[in-house]
Amino acid sequence: MSRNKRNVYTIVLIGDSQVGKTCMVNKLCYGSIPIDYEPTIEDLHTTIVLTEKVEVIDTSPDEMAQSLRKSSLKTADAVMLVYDSQNRRSTDNLFWHLEEFRSVHDWKSFQYLPAACLVVGVAKHVGPVDAGAVEDGKKFAHLWGMGHLNVRLKSISVRSAFEKCVFMIEERRDFLSSRQVQEVQHGKCCTIL
Ligand SMILES: Nc1nc2c(ncn2[C@@H]2O[C@H](COP(=O)(O)OP(=O)(O)O)[C@@H](O)[C@H]2O)c(=O)[nH]1
Ligand SMILES: [Mg+2]
């Protein structure tokens, strides 16, 4: 895979409240998790992932934050759809979150995904995950051609989700640029004929 550099990659986290978005972002950027839960409005953090400079945008699912969220989704290179892998009900709204993301773009088909998309199941507490929740999360990701990953909030696996996003951004970029080359070649061929 060629690593075509760009100045900064933008990763936007969306999902229900209290699924662990802010904890993930804090763990990645500052190495620790906030002691108390505080609802997010919208926060932007800058950090390095796999030698790449990354802007991480932590959103709120609240109605009041909708315009902020939508404008962030427009600029996203990658979107993380986050659910709680220990609470099956947290997968109920994945489609709603995806629909909102789709609504800010002219998304014609899977091949034209407007950004790299990763569904992330977060285990916030020690103990087993809910197998049903993980199954739902995986099925949802598969249905929409997205990646899926499980992480544990209090482990280094959180970073791996962001690393996977960076890989996916670069893969998608490679795919789009090779398709563009093919289209140009095809166009030339048609002109000659
Ligand atoms: N702040 C905080 N929340 C924790 C911790 N461990 C588990 N949680 C749970 O994680 C949830 C809050 O996560 P947060 O990342 O703020 O959710 P967000 O709304 O998706 O951003 C709450 O349900 C907490 O009970 C911890 O060490 N700190
Ligand atoms: Mg939050």
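In this predicted model, strands β4 (residues 78–84) and β5 (residues 116–123) run parallel and are joined by seven bridges; strands are DSSP runs of E with at least two residues, helices are runs of H or I with at least four, both numbered from the N terminus, and two strands pair if DSSP finds at least two bridges between them. Within this pair, Met-80 faces Leu-118 of β5. Helix α1 (residues 21–30) packs on the sheet, where β1, β2, β3, β4 and β5 are touched (C-beta atoms, placed from the backbone, within 7 Å). The direction of α1 makes about 155 degrees with that of β3, with axes fitted to C-alpha atoms, for helices over the stretch in contact, and angles running from 0 to 180 degrees between N-to-C directions.

The sheet itself is open and mixed, with six strands in the order β2-β3-β1-β4-β5-β6. Strands β2 and β6 (147–152) lie at the edges with a single partner strand each, so one side of each has no neighbour in the sheet. From one strand to the next, the twist averages 25 degrees.

Residues are numbered from 1 along each chain as its sequence is written, and chains are lettered from A and ligands numbered from 1 in the order written. Local features need pLDDT of at least 70 and side-chain atom pairs count only at pLDDT 80 or more, while totals for chains, interfaces and linings use all residues.

Notes:
Contact = placed C-beta atoms within 7 Å.
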